[in-house]
Structure formats: structure tokens, C-alpha cells
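Q: Please take a close look at one part of this model. I want the sheet, strand by strand.

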There are 2 protein chains.
Amino acid sequence: MSLAESVLQGNRLALARLLTQVENETSQGLEDLNRLFPHTGKAHIVGVTGAPGTGKSSLVNQLITAFRHPPEGQQPRRVAVIAVDPSSPFSGGAILGDRVRMRDVAGDADVFIRSTASRGALGGVAASTANLVQVFDAAGFEMIFVETVGAGQAEVEIARLAHTVIVVEAPGLGDDIQAIKAGILEIADIIVLNKADRPLADNAERALRMMLELATRKSNPATDESPPLLEWRPPILRTVATEGRGIQEVVDAIWHHRHFLETSGEWERRERRRLCAELENLLQAALMKRLQETISPETYQGVVDDLVSRQLSPRQALEILLDGVKR
Amino acid sequence: MSLAESVLQGNRLALARLLTQVENETSQGLEDLNRLFPHTGKAHIVGVTGAPGTGKSSLVNQLITAFRHPPEGQQPRRVAVIAVDPSSPFSGGAILGDRVRMRDVAGDADVFIRSTASRGALGGVAASTANLVQVFDAAGFEMIFVETVGAGQAEVEIARLAHTVIVVEAPGLGDDIQAIKAGILEIADIIVLNKADRPLADNAERALRMMLELATRKSNPATDESPPLLEWRPPILRTVATEGRGIQEVVDAIWHHRHFLETSGEWERRERRRLCAELENLLQAALMKRLQETISPETYQGVVDDLVSRQLSPRQALEILLDGVKR
């Protein structure tokens with residue numbers, strides 16, 4: 001039986017092994033991924049991002065518990081977490097973090113936490129994360145949290161993976177002009193102000209509301225009209241994740257957002273955008289690989305030598321290399 | 001006279017206009033860039049990165065002043081700053097920041113501060129930043145600071161642009177396992193602990209030393225031996241940038257690092273790596289553009305439809321699209 005089949009049957013050990021194979025992009029792993037793909041498309045993918053120190057991991061831990069032990073009358077969900085750490089070339093920190101985190105949910109077969117520092121040989125962090133998401137989706141995890149650190153391009157790319165994006169902020173980082181990024185707010189579906197028991201929480205919330213207002217207005221520069229009926233307005237929710245305060249409100253907001261996605265047609269749009277982005281990443285990597293096979297290392301090094309000695313500009317070097325490729 | 005020629009003659013208005021042309025990747029701008037390239041390779045490029053709230057901008061402002069008004073017997077340097085904000089799709093925040101910052105150096109023709117939020121149509125943030133660096137380099141700016149926010153992949157890529165990478169940390173962010181990233185420390189040539197007058201500064205410095213020790217050890221996993229004589233050990237320097245404390249030590253460390261680069265052969269290695277990375281970015285973008293010209297939009301949409309309906313996996317879709325491309 002292939003790993004893919006074992007995963008579909010709910011074998012946890014097979015799941016762990018397949019995740020590693022897929023992360024390492026072994027040919028077996030990629031073949032299994034093809035086999036799993038028809039079984040994907042059911043999970044709700046939630047991206048969680050924010051600067052270091054905002055308490056993202058504590059929040060995600062609380063969300064796991066909330067989805068596993070919902071209020072009466074609601075069904076528990078199977079939950080997977082992918083903690084992406086693209087800046088770390090080795091996983092020391094990530095593994096330590098995992099150990100701390102796993103304690104809370106140890107023994108629960110319907111929770112799976114995975115850290116990855118993989119940059120992805122083919123197609124970068126986003127592609128590599130997308131592959132892990134596919135495995136969890138096919139394995140029947142209904143909520144998949146993708147947790148990323150920071151506010152850079154990697155985070156924006158990873159956000160394109162998610163149905164719902166939660167941006168986590170915390171008071172006290174806001175004394176810097178650059179602390180609250182309008183750009184990162186633009187990708188937010190839900191904004192969580194964590195550590196909301198800290199003195200400057202009110203200031204932070206006010207600043208967030210202002211930035212959000214600005215971001216929303218800028219995205220509709222041509223109109224002063226009110227937004228269309230089906231537009232989503234990101235709520236700002238206050239939490240103290242370490243004490244479990246405000247967590248149910250975040251869970252509710254995730255469900256509201258899902259309802260919005262499904263009734264507005266946005267779910268399908270995001271699915272399509274997500275798969276297009278994945279395909280683009282793969283194409284880019286494959287084209288580079290093909291180029292490398294076409295140009296001899298000697299030719300390439302010669303061009304680089306001329307570049308370093310300033311006889312060729314980068315764009316002139318580009319033209320020479322592309323002319324050498326059969327069209 | 002072309003903009004490039006005016007820039008080479010020191011015309012500041014032409015410089016501002018060319019930066020905009022290059023940022024927008026106009027054909028005129030890219031042509032001028034080719035013309036400027038033979039005049040590049042003289043500037044010392046210093047990357048400055050760190051999480052929001054660490055006070056990077058204040059530090060860079062102080063470094064500008066220090067390089068403009070050095071201790072007696074040393075020459076003032078011409079300084080350019082590129083503040084990269086890839087997460088911001090519009091430059092509102094950046095422009096505000098610039099206004100605040102420009103006050104300190106207003107009227108000094110040998111200082112130029114430029115914010116960019118450009119993702120770069122061809123080749124992403126790193127490529128776009130590299131182009132701006134080239135313009136400043138050719139225009140005779142001797143120190144070029146490239147300032148980025150966060151600790152994500154974009155920052156690591158932009159670090160590949162620099163001769164010297166300064167990572168800025170601050171106390172109080174360190175209560176989170178993920179706050180101090182071993183990965184980001186690995187790219188650091190100089191570590192600055194800013195806001196060092198805060199209560200937890202000693203803790204933060206201790207944590208940084210531990211992480212640095214770990215990062216250094218991990219990068220030489222095979223040996224327990226002492227490092228080679230010419231290896232650079234990143235210093236950890238404490239500053240209070242808002243009060244100008246510790247700044248001269250940072251300046252000295254930059255000069256020491258430059259001396260190390262020049263005597264160890266590392267300067268040439270970094271130049272080569274930098275130009276290779278630039279070329280790769282350009283190649284990737286050009287290959288994608290060529291692919292888009294080869295595949296009809298209808299074919300592409302058809303493949304995406306099959307992907308969304310799960311009849312094709314991303315990898316199967318990739319194969320179909322690549323087979324359609326003339327080899």
C-alpha cells in the first residue's frame with residue numbers, strides 16, 4: 001500500500017512520513033501528492049501572521065483547543081497546524097517550539113502540529129507550504145492553520161494560500177511608525193489584538209482602526225460610496241491568549257467569515273487564485289531548471305565573469321543567456 | 001543629455017527622476033541603467049533589517065549623521081538610504097516616514113533618502129531594490145543603506161544584496177520563543193541591540209549571545225575546532241539610537257567589517273554572489289514572460305479549470321503547460 005493510501009485511511013505514522021517526503025520533494029512524495037490531490041478542497045485554510053512577540057503561537061494553541069472542544073451542540077473539528085519559518089535554515093527553534101506546544105494536545109489523534117523551515121527546492125516557501133496543506137487536506141483535517149512570522153513578502157504569498165487570514169497585533173509595538181503596516185492589514189480578514197490586557201491596548205486598537213479605515217478607503221479610491229452589501233469588513237478582536245480570553249470570539253469570526261466566503265462566491269474565487277498561484281510557482285521553478293539544463297556551466301560562468309568585471313550589465317547578460325536558449 | 005549622463009554629473013533632480021523611472025521599469029529607465037552599470041561597484045552596501053519596533057529607522061538616521069560628520073581626520077561620506085517596504089502596496093506610510101526623516105538632513109546634497117514599496121514587475125522586490133542600488137552607486141554615493149522590515153524571505157534575499165548586514169534587535173520582544181530568530185542571526189555581520197536602556201536589555205543580550213553561539217556552531221556541524229583565522233565573528237553592540245548612544249561603535253564595526261571583507265577576499269565573493277542573484281531574478285522573470293507569450297490565455301484557463309475541479313493536480317497541470325512550450 002502506498003503512503004498516500006495509508007494517509008487516506010487515517011494512518012498517523014504514514015501521515016508523518018509523507019509530510020517529510022513531500023517536504024524533501026522526493027519523487028515518491030510528489031507522486032503520492034498527485035494521488036492525494038483529488039481528495040483535497042474540503043479543508044478551511046486559515047493563515048495566521050504577525051510580527052514576533054505578538055503571541056501568534058499562543059493564539060493558535062488556544063484556537064486548536066477551541067475547535068477540539070466547542071460549545072455544546074457544535075461538532076469538534078480535526079485540526080492541523082503548519083508553522084512556517086522561512087528565515088530559519090535549520091529547524092532548532094521550530095522543534096523546540098513544537099515540543100512546548102505539543103504538550104497541550106498530546107494524545108489527541110485529531111490534532112497534528114508540524115513545523116517547517118523548508119524553502120522548497122522547487123518554487124520556494126509558498127509552494128512547499130502548499131504541498132503540506134494538500135496532504136493535511138486529503139488526510140481529512142477540517143481546519144488547517146498556517147502560521148507565519150513577520151510581515152514580509154513571504155507572508156503575503158502564504159496568505160494567498162488561505163481562505164481566511166488572521167493578522168495578530170499586540171500593544172506596545174505601535175510606538176514605531178512602521179509597526180502597524182497598512183500593507184499587512186490589507187490582507188487581513190480578521191484582526192486580533194492580542195495581549196489586550198497591556199496598558200497601551202486602547203491606543204493600539206485606535207491606531208489599528210485608523211489604519212484599517214485608511215487601507216479600506218485606499219482600496220476604493222474612485223468612490224466615496226458605501227461598500228457593496230456583500231463586502232467583508234475585518235473585525236478587530238481583543239484577546240489575552242495566554243489566559244484564553246476572547247478566543248471564542250475569534251472562533252465565531254472564523255465561522256462568520258466562512259459563511260461570507262460561501263455566500264458571496266469568494267470561496268471559489270480564493271480557491272482559484274490559490275491554485276493559480278501554486279501553478280505559477282511550479283512553472284517558475286520548472287522553467288529555471290530547464291534553462292540550467294540548456295546552458296553549459298562554462299557559458300554561465302563566462303557571462304557572470306563579464307558581469308563582475310562590469311563589461312556586461314545584468315540586462316545585457318540576461319539577453320545573452322536567453323539567446324542561447326532554444327525558443 | 002540622457003538622465004544617466006546628468007546623474008553621473010551629479011544632478012540631483014535627474015537622480016530623483018531616474019530613480020522613479022527605474023522603479024517603474026520604463027524602457028528608458030532600464031536603458032539608462034545599462035549605461036550606468038559600468039560606473040558601479042564602488043559603493044559599500046549595508047543592509048539593515050529587524051522586526052518592527054526595534055528602531056531601525058532611528059539607527060539609520062544616526063548612522064547617516066555619523067558618516068556625514070565623522071571624527072576629526074576622517075572624511076565625510078556621501079550616504080544614500082533605500083527604505084524597502086515590500087508589504088505595503090501603497091506608499092502612504094513610507095512617505096510619512098520619509099518626511100519625518102528628511103528633516104534631520106534637509107539641505108545636505110550628499111544625503112539621499114528614498115522609500116520604495118515596489119514589488120518589481122520583473123523579478124520581485126530584490127531585483128527592484130538592486131536597480132535602485134545601482135543608480136546610487138553610479139551616482140557616487142559611497143555608503144548605501146538598504147533598510148528592510150521583518151525577518152522573512154524578502155529580507156534574506158535583500159541581504160544577499162549587501163556587503164555588510166546589520167540585524168537590529170530590541171529588548172522586550174524576546175519573551176517569545178520566536179522573537180529572536182536564529183535564521184536571521186545567520187545572515188548578520190553586525191548585531192545591534194537597540195533601546196539598550198530598557199530594563200530587559202541584559203536578558204536580551206544574553207539570549208542573543210546564546211542564539212549566536214548556536215547559529216555559529218550549527219553552521220560548522222562537522223567540526224569542534226576553532227574557526228579559521230579569517231572568519232568574521234559578528235559583534236553585538238548596544239545602542240540607544242534616539243539619544244545617539246553607541247552609534248560610533250556601530251560605524252567602527254562597519255569599517256572593521258569592510259577591512260575584513262577586503263583582506264579575506266570576501267568582498268569579491270559577495271560581489272559575485274550579489275550579481276549572480278540579480279541575474280537569476282531577471283532570468284526567472286524573463287522566462288515566465290516568455291511562457292506567457294507562448295501559451296494562449298484559453299489554454300491556460302482550461303488547465304486552471306481542470307485544476308480547480310481536481311481533475312488535474314498542480315504537477316500534472318505543470319506538465320501539460322510545459323509540453324505546450326517549444327523546447
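Which residue of strand 4 of chain B does Val84(B) stand opposite?

A: Val84(B) stands opposite Thr148(B) in strand 4 of chain B. A word on the source: this is a predicted model, in which local features need pLDDT of at least 70, side-chain atom pairs count only at pLDDT 80 or more, and totals for chains, interfaces and linings use all residues. Residues are numbered from 1 along each chain as its sequence is written, while chains are lettered from A and ligands numbered from 1 in the order in which they are written.

Strand 2 (residues 79-84) and strand 4 (residues 143-149) of chain B are joined by six bridges, in the parallel sense. Strands here are DSSP runs (E, at least two residues), as are helices (H or I, at least four), numbered from the N terminus. Two strands pair if DSSP finds at least two bridges between them.

Now the whole sheet. In chain B it is open, with seven strands in the order 3-2-4-1-5-6-7 and parallel pairing. Strand 3 (111-116) and strand 7 (236-238) of chain B each have a single partner strand, so one side of each lacks a neighbour in the sheet. Neighbouring strands are turned by 20 degrees against each other on average, direction ignored.

Helix 4 (residues 56-68) of chain B packs on this sheet. Helix 4 touches strands including strand 1 (44-50), strand 5 (164-169) and strand 6 (190-193) of chain B. Contact means C-beta atoms, placed from the backbone, within 7 Å. The direction of helix 4 makes about 175 degrees with that of strand 4 of chain B. Axes are lines fitted to C-alpha atoms, for helices over the stretch in contact, and angles run from 0 to 180 degrees between N-to-C directions.

Notes:
Contact = placed C-beta atoms within 7 Å.
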